[in-house]
Every structure is written in structure tokens, then in C-alpha cells.
Amino acid sequence: MFRTRHLVFKLAFFALVVLGLLMIYLDARITATFSEKMSELSAKVYARPLELFAGAALTPDDLAYELQVLGYRTVSAPRSPGEVSRDASRLDFYARGFHFPEESEPERLVRVEFSGNRIKGVLTGDKRIDLMRLDPVWLGGIVPRQGEDRVLVELDDVPQVFQQGLIAVEDRSFYQHWGFSIGGIARAIFNNLRSRQVVSGGSTITQQLVKNYYLTSERTLVRKLTEVLMAVLLELHYAKDQILESYINEVYLGQDGPRAVHGFALAAQHYFGRSLEQLDLHQHALLIGMIKGPSLYNPERNPERALQRRNVVLEVMAMQDVITPEQAATARAMPLGLNRKQRMRDSFPAFLDLVRRQLPKDYREEDLANRGLSIFTSFDPLLQRQLESSTDAVMAQLDPGDKLQSASVVTRFDTGEVVALAGGRKARYAGFNRALDARRPAGSLLKPAIYLTALERPGQYSLATVLSDTPLTIRAAGAKPWQPQNYDRKAHGDVLLYQALAQSYNLASARLGMALGVDNIVDMLARLGVEQGVPRTPALLLGAGEYSPLDMATMYQTIAAGGFRMPLRSIRDIVDANGESLKRYPLEYERTVGLQAVHLLHFALRAVVREGTGQGVYRYLPENFAVAGKTGTTNDGRDSWFAGFSGDLLAVSWIGRDDNGVTGLTGGTGALKVWAHFMSRASKLPLAYRMPDDIQTLWIDDQSGYLTGEGCPNSRMLPFITGSEPRQRTDCAPRDSGSGVKDWFESLFGGGG
Amino acid sequence: MALSHLLYLLFRSTVLGLVVLLAACSTVTPPASVPVPVEKQQLPEPKIVTPPAPVPRAPPRPTTPSPSAALQPLLAQAGQATARGDYEQALALLERAQRIDPGSAAVYLAMAQTHRASGDAAQARATAERGLLYCVSDAQCNALRAYTR
């Protein structure tokens with residue numbers, strides 16, 4: 001008797017110890033990983049806030065689109081935050097307000113009046129607003145461990161009706177229980193005994209969350225018990241609201257191609273093209289109903305079943321007094337309300353990818369794990385929209401068969417900020433990010449490095465230096481002799497330096513590069529910001545190597561900015577939950593190339609689009625809209641490149657095939673079109689002509705490169721670094737007149753006036 | 001000293017005259033006596049040769065009106081931040097100002113001043129050099145030039 005009792009006691013004690021150890025183990029697992037999981041739901045990435053002020057170059061359509069992306073609802077008269085109404089030439093909206101790192105934008109009723117393509121005035125009531133910012137578009141979250149992006153919501157932003165409906169259907173006693181419900185367990189055990197397997201049901205929201213986070217979907221009793229234990233522990237560690245928020249962001253609701261749709265916010269975008277807050281009751285009910293079987297009740301594949309399930313949910317909500325029977329009846333009468341065709345994009349994977357890579361290493365693990373981190377970026381949804389639609393339009397025309405790929409990078413070169421990015425033709429899908437990861441030869445896109453190296457030596461070279469475009473054989477140690485060819489397979493004899501670049505003559509460029517020395521070209525590329533993938537061989541002169549569109553954007557950024565190298569930035573500021581700035585990414589200039597030499601290069605790059613290989617841009621741009629750029633084509637037209645800039649934007653576009661096959665395109669017939677289509681719609685400012693100190697302009701004979709007079713045969717005006725002007729002069733006398741600049745611009749850049 | 005100053009003035013007036021002339025010629029329809037509004041705004045700096053006023057696109061495209069009303073509060077706040085030694089905040093404000101008006105030499109000048117005040121002479125110089133491409137008055141250009149030395 002005593003022995004038996006002793007044994008029972010011993011066994012019980014042993015069981016307790018095991019249970020205790022198990023609890024400690026599970027607890028450790030939860031605290032170690034759940035905090036991280038929760039924090040993953042909170043590193044938020046924002047687009048640039050749209051600045052509103054009188055004089056801003058912004059159309060009513062742009063503002064309407066921005067507000068639409070922000071989820072503002074169109075109403076007849078805005079009365080509460082997040083509402084907008086539109087008139088022909090003005091928009092009225094109730095700004096939501098936002099806490100920016102330095103200051104807060106208040107909630108307020110705002111009127112923006114337009115005149116043409118500009119803002120005429122910004123008002124609140126009768127008061128003029130000098131400057132204000134909209135709340136920034138939320139791009140998604142960065143999940144440090146997995147590197148995926150999601151659309152996440154905070155509980156405060158989840159409509160009350162939705163929360164209550166969710167609880168009514170999934171876990172009535174959520175706010176009372178300790179993580180599990182006795183009734184549920186009993187039912188599960190009973191069902192298990194009856195059907196000899198554990199069937200779903202009876203799980204609390206907490207259990208479902210644990211299951212989603214930690215456990216496989218096998219259905220055993222042990223797993224069920226572990227689930228209950230962990231649920232209890234979770235409840236001990238975290239508040240109900242935190243658990244509910246995590247659940248709302250975690251629950252699985254179907255597939256979007258290869259990508260799992262997790263969380264209601266992403267599901268709302270996926271199925272309805274709207275944010276969770278914007279959905280109506282019947283749509284909320286459908287989403288809630290789908291938890292039970294995302295594929296069984298998939299509204300696209302099984303609309304009948306989905307509709308039935310939705311109506312059951314509505315009934316439950318009415319029974320639980322979440323909604324009135326009238327509301328339920330109205331919602332039941334609604335169609336499913338899917339809207340996949342016009343849906344707003346749920347994420348910008350290519351840009352988020354860039355942000356993630358630009359996060360300094362130390363932020364990836366520790367600081368991202370601080371709950372409530374915000375990352376403010378330079379992303380511009382309006383430019384992104386244009387970049388995508390330009391890419392779509394041009395690619396559909398060039399390649400209806402969907403064989404080719406395209407990628408582009410857009411920056412504002414004044415600040416070196418990346419504002420839009422297309423990683424492929426289907427920008428909506430995360431995948432191979434060609435803007436960052438496609439590494440290709442750049443063809444003639446590298447040539448400016450040769451010409452810049454030359455122009456930095458005003459004692460030897462100017463835009464009017466005569467180069468020889470004639471066949472040559474290059475013998476490098478350990479390599480086969482190499483005989484470069486021009487694209488047209490002809491030699492063009494004597495050409496002026498600027499013409500050789502404008503026409504992208506390979507023979508003249510290779511000769512020039514060899515005269516300057518390959519090492520010096522490598523050095524120039526490094527000064528322009530390109531250091532990876534540069535081979536130290538003569539073939540570099542014609543673009544050999546491995547470069548991503550982002551690399552080329554870095555190079556042309558330095559050129560566009562006048563010889564100041566700036567790292568391309570996507571992140572402006574990282575801010576913690578208290579609004580304290582953790583890290584700023586300040587603008588930093590480093591002068592790496594002489595201003596005067598870059599000025600001359602700008603001139604030659606303008607000639608590219610006026611009279612050289614880039615003339616095609618003016619099939620898209622207005623004749624008088626000044627830009628500068630360069631085409632690039634690689635062997636057999638495998639890669640088609642165009643890089644260039646206007647007065648406000650720099651863009652690099654690439655077209656090629658993922659298998660590196662032949663495209664049949666040159667830079668001028670391919671990427672140029674994407675670039676010009678985009679620029680003609682996105683750029684607001686033509687390239688201005690700003691002459692730095694120590695530059696003078698002179699009339700030159702376009703054939704001989706000699707000084708000549710205005711009005712003489714072949715005369716045209718070119719800029720020179722003081723002291724580098726040609727010594728020889730034609731016989732033609734200068735004509736005395738002073739209207740030089742006009743003729744000069746008309747002859748070269750004025751577009752035939 | 002005095003001589004070089006005289007020469008400088010002579011040079012400046014010549015260049016200025018030339019620019020006025022060139023500017024007048026670079027307009028689309030240059031009635032000799034009518035000054036063109038575009039140049040009026042941008043004329044004072046001798047170093048800038050204004051390109052011909054763009055022939056309007058489908059909807060008329062005026063030259064960018066200066067968003068000065070939007071810039072002033074930011075410049076003022078940045079000035080205060082610099083004064084109290086909060087250079088990071090000042091630069092954040094100035095970068096915002098620069099995004100609003102990338103062609104504002106005043107913003108470049110304020111940035112150069114802030115970098116100098118924070119002890120970063122190299123950034124001050126680089127910023128001022130870049131700002132020189134945008135200055136529109138002698139006073140502004142000279143102020144910027146002072147930081148490049």
C-alpha cells in the first residue's frame with residue numbers, strides 16, 4: 001500500500017519534472033523566437049512623403065493617385081481623416097497626419113488647387129499652407145530573417161467590426177481564455193477517439209498562431225498538447241492585442257502564384273485590390289470565412305462555396321451582435337466583390353530588395369528586432385507607376401512574345417536618391433531583380449569614361465581633337481590579337497572627338513583608350529563609382545565586364561551631378577518607435593572628376609541625342625527638351641542599354657534575355673525607347689546649360705577641328721577649357737555679329753528652331 | 001590690389017553685357033526692346049548662359065517658379081538648428097529643402113555653411129563647388145566661392 005502510493009508519488013513527481021523541463025524548453029523557444037517574429041511584423045518601410053506647395057510640378061491625377069495608393073476613400077465631401085473628393089482643378093482631402101522624425105503633420109482638411117500641371121495653392125480653411133507633407137505610402141515590412149516583404153497592419157488600423165467578426169467566428173472567448181479552451185480540447189479529443197485522427201477545430205486564435213509559427217501540420221495528440229502548452233506560455237508573455245495583431249498578420253489565406261498570401265492586409269490587396277480598412281462588410285466576412293479553408297473557399301476557384309461560407313460568417317456575426325440583422329441581410333445580397341484586375345499593387349519588391357541590401361549589416365539583426373522601427377526611403381510611387389507603365393508599353397510593342405526582359409533604375413541626381421526601380425517586366429512579382437543582379441557587359445555605355453579621361457587633359461585633348469577612326473589590331477599579352485569593328489563595319493577616317501562619342505565609333509574610341517592607357521580608364525571608372533566587375537583588358541574600352549543597371553546608374557549619376565560622386569541612396573532615415581532618428585544617411589559629395597571636363601562630356605552626350613546614336617529619344621521627347629545620354633549595345637545585340645539624364649532625373653534602362661541570347665536590338669532600338677517613353681512623361685525639367693568657370697565657347701570647323709568664323713562653312717560652336725582651344729585656324733574670316741548662343745544652340749541643341 | 005579690382009569690375013561688366021545680349025538673342029521671338037521674363041529671373045549671374053526658352057509643350061511649360069514660400073520656413077528652421085549646434089537636424093532640413101528646389105543656390109550655401117560650422121571643411125567645399133553651378137547673383141556666387149577656397 002505504502003509502496004504503491006510511493007511509486008505513484010514518484011511517477012507523478014517525475015512527470016512533473018518532465019513537464020517542467022518541457023515548459024522551460026518551450027518557453028525558451030517562444031521568448032527566443034516569438035519576440036523576433038513579432039518584431040518582424042514591424043520594421044516598416046515608407047516611400048518618400050509627397051511635398052505639397054504652391055509651384056510644385058504635380059498634376060491633379062498624380063495627387064489623386066498618391067491618395068489612392070494611400071487608401072484615401074473618395075467621398076462627396078471629406079469629413080474625417082482618409083477621405084478625399086475631387087473636382088476638375090482641385091482636390092479636397094482630410095489629411096491623416098503623420099509623425100515624421102523631425103516634426104508632425106497634423107490631421108486637417110486640405111484643399112489643393114491646380115493650374116495646369118502645377119499646384120497653384122494649398123489651403124486649410126482660409127489659411128494658406130506654405131509647405132506640407134502627405135503621409136508616406138507604406139511599402140511593406142522587412143522581415144530580417146527571411147527577407148520577404150509583406151503588407152502588415154497594426155491593430156489600431158484594423159476596423160473594429162472586422163476584429164469582432166474575426167473573434168466571433170474563430171474564437172468567441174478569445175479575450176477570456178488562457179490560450180486554450182477546455183470545450184475545444186474536449187471536442188478535439190472526442191472527435192479524435194471517434195474518427196481515430198485529430199480533426200481541426202477547437203483551436204483558439206492563440207493556438208492557431210502557435211501552429212502557424214512553430215508546428216508542422218501533422219495531426220497527432222503530442223503535437224496538439226505541445227500546441228496547447230505553447231499557447232498558454234504565449235498568453236503569459238504577451239498581451240491579447242499583440243497576439244491578435246500577430247494573428248491578423250500571419251494567418252494563411254491562399255496563394256498568389258508561387259507566393260503565399262499571409263495576413264489579412266495582403267489578402268485584402270490580393271483579392272480586392274484595396275486596403276483592409278477600405279473593405280466593406282461583405283468583403284471582411286469573406287476573408288474571415290476563408291481562414292477555415294483558404295483553398296476550399298477560394299473565391300476565385302470556388303465562388304459558390306466561398307459565397308456560402310461568407311454568408312455563414314455574416315450570420316454568425318449577426319448572432320453575436322457584431323452587426324445588426326439588417327446589415328447582415330444587406331451584405332448577404334452583395335456579390336463577392338473581387339477586384340483582381342485593377343487592383344493596386346501590394347508591394348514593390350524590387351525597391352524593397354534594394355532597401356534591404358542597403359541596410360547596414362548591424363541593422364539587420366539587432367536593431368530591426370526593436371519593435372516599431374521605421375525606415376524612410378526615397379521611393380516615389382508616382383515615378384514607379386510611370387516606369388512600370390513605360391516598360392510595359394514599350395516591351396509589349398518590341399516583344400509581344402514575352403521573350404525579353406527589361407530593368408531600369410531611376411535616380412534624382414541632385415541628391416543621388418534612387419526613386420524608382422524595375423527589376424523585370426513583371427514588376428509586381430518578387431523574383432530575379434535584374435536592376436541589381438543582372439551582370440552584363442555594358443557596351444558603349446562605358447565609353448564616356450574614355451572620353452572623360454581624355455578631356456581631363458586639356459593640354460592634349462578637347463572636343464575638337466581629331467581622332468582616327470581606322471582599323472587597328474590590339475595585341476595584349478596572353479590574348480589573341482583583337483581587331484575591333486564599328487557597328488556599321490566601316491571606318492570613318494578623321495573625326496572630331498565629340499563626334500566619335502556621339503556616333504559611338506568603336507575604332508576611334510579603342511584608339512583613344514589605348515593611347516590613354518587601359519589602367520587610366522579603369523581608374524576613371526572607379527572615380528565614377530564603378531569598381532566591381534571591371535576587367536583590366538583592352539576589351540574594357542568597348543564595354544567588356546559585368547555591370548548591373550545599378551552600377552551604370554552609379555556611373556552616370558556622377559557624370560550627371562557634374563563630377564561629384566555620391567553613393568546611390570535608397571534610405572533617408574531609420575527611426576525607432578519613439579520617433580528618435582537612429583541613423584541618417586546624409587548627402588555627401590565627393591569631387592572625383594574635374595567640373596570642366598564633365599561639362600565638356602555633357603556637351604558630347606547632348607550631341608549623342610541630337611545628332612548621334614541616341615536621336616531616337618526625340619521621337620518621344622519634345623524637340624526643345626534638352627537631355628543627354630548614351631546608347632550601349634553588346635555583341636550580336638545581346639544587351640541593349642540606354643543611360644541618360646534630363647534636368648531632374650537620371651535613368652538607366654536595359655533590355656536583354658535571361659539566357660543571354662540574342663535580342664536583335666541595339667541600344668537605340670531597344671532600351672532607348674523605354675528610357676525616352678519614361679522621361680517624356682516623368683521628367684519635369686530639361687537639362688539646363690550651366691557653364692562653369694574657365695570654359696569658353698569658340699567657332700570650330702566641324703571637319704578639320706580648326707578655329708573658324710561664325711557663318712563659315714562647317715562652322716559650329718564648341719566649349720573649351722580655357723587654354724585648350726585649337727591653335728590652327730581656317731582661312732575663313734569671322735563674321736562680326738553677336739548672336740552666337742542662339743545659333744549655337746540651334747545648330748547643335750536647339751532642334752532646328 | 002586696386003588695379004586687379006578695377007580689372008575685375010571691367011571684366012564683370014563686359015561679361016554681364018555680353019550675357020544680356022546673348023540672353024536677349026536666345027529667346028524665341030526677340031523683339032529687341034522687350035525684356036523676356038525668363039531671363040529677368042535668371043540673368044544676374046554672369047556665369048550662367050541661359051538656354052533658349054523652351055518652346056512650350058502642349059500645355060505651356062513656364063520656367064519653374066521659385067518655390068520660395070515653401071523654402072523659407074525650412075531655411076529658417078535649419079538656421080536655428082545650426083545656431084544651436086544641431087547640425088544633423090539642420091542638414092536634414094536642408095536636404096528636404098533641396099528636394100523641393102534642387103536648383104536653389106541658397107540651399108547649397110546654407111549646406112556649405114552648416115558643414116563648415118560642424119567642422120567638415122571638405123564637405124563644405126564640395127557642396128559650395130556644386131552650388132556654384134546654380135548661383136544667380138554676384139553676392140550668392142561670391143559667398144559660395146568663399147567656401148571653395
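Where is A:Asp321 found in chain A? A:Asp321 lies in the loop between α10 (303-319) and α11 (325-332) of chain A. Helices (H or I, at least four residues) and strands (E, at least two) are DSSP runs, numbered from the N terminus.

## Model and conventions

This is a predicted model, in which local features need pLDDT of at least 70 and side-chain atom pairs count only at pLDDT 80 or more, while totals for chains, interfaces and linings use all residues. Residues are numbered from 1 along each chain as its sequence is written, and chains are lettered from A and ligands numbered from 1 in the order in which they are written.

## Chain A overall

Chain A has 23 helices and 29 strands. Of its 753 residues, 49% count as buried; a residue is buried if 20 or more other C-beta atoms lie within 10 Å of its own, exposed if 12 or fewer, and partly exposed in between, with C-beta atoms placed from the backbone. Among the contacts in chain A with a separation of 6 or more, 68% come from residues 24 or more positions apart. Two residues are in contact if their C-beta atoms, placed from the backbone, lie within 7 Å.

## The six-stranded sheet

An open sheet of chain A is formed by six strands in the order β3-β4-β5-β8-β9-β10, with mixed pairing. Two strands pair if DSSP finds at least two bridges between them. β3 (73-74) and β10 (127-128) of chain A stand at the edges with a single partner strand each, so one side of each is left without a neighbour in the sheet. Helix α2 (residues 60-69) of chain A packs on the sheet and touches β4 (83-86), β5 (90-95) and β8 (108-115) of chain A. The direction of α2 makes about 25° with that of β5(A); axes are lines fitted to C-alpha atoms, for helices over the stretch in contact, and angles run from 0 to 180 degrees between N-to-C directions.

β5(A) and β8(A) run antiparallel and are joined by six bridges, with A:Asp92 opposite A:Arg111 in β8(A). β8(A) also pairs with β9(A), in the antiparallel sense over five bridges, and here A:Arg111 stands opposite A:Leu123 in β9(A). Two residues lie between the strands in the hairpin of β8(A) and β9(A), where A:Gly116 takes a positive phi near 65°. Strand β9 (residues 118-124) is in turn joined to β10(A) by two bridges, again antiparallel; A:Thr124 has A:Lys127 as its bridge partner in β10(A).

## The β17-β18 hairpin

Strand β17 (residues 405-412) of chain A pairs with β18(A) in the antiparallel sense over five bridges. A:Arg412 has A:Glu417 as its bridge partner in β18(A). The hairpin has four residues between the strands, and A:Gly416 takes a positive phi near 70° in it. Strand β18 (residues 417-422) is mostly covered, with six of its six residues buried.

## Buried helices

Nine of the nine residues of helix α16 (residues 447-455) of chain A are buried, so α16 is largely enclosed by the rest of the structure. The buried residues of α16(A) pack against α17 (497-502), α18 (506-516), α19 (518-528), α20 (549-560), α21 (595-611) and β25 (628-633) of chain A. Helix α9 (residues 281-290) of chain A is mostly covered too, with ten of its ten residues buried; among them are A:His282, A:His284 and A:Met290.

## Helix packing

α16(A) and α21(A) pack at an angle of about 135°, with their axes 9 Å apart. The two helices are therefore oblique to each other; angles under 35 degrees count as roughly parallel, over 145 as roughly antiparallel, 65 to 115 as roughly perpendicular and the rest as oblique. The contact includes A:Tyr451 and A:Leu455 of α16(A) and A:Leu601 and A:Leu605 of α21(A).

Helix α5 (residues 205-214) and helix α6 (residues 221-237) of chain A pack at about 110°, with their axes 9 Å apart. That makes α5(A) roughly perpendicular to α6(A). Among the contact residues are A:Val210 and A:Tyr214 of α5(A) and A:Met230 and A:Leu234 of α6(A).

Most residues other than glycine have a negative phi. A:Asp321 has a positive phi of about 65° although it is not a glycine, and A:Asp321 is exposed, with 10 other C-beta atoms within 10 Å. A:Arg489, also not a glycine, has a positive phi of about 60°. A:Arg489 lies in the loop between β19 (466-469) and β20 (493-496) of chain A and is exposed, with 6 other C-beta atoms within 10 Å.
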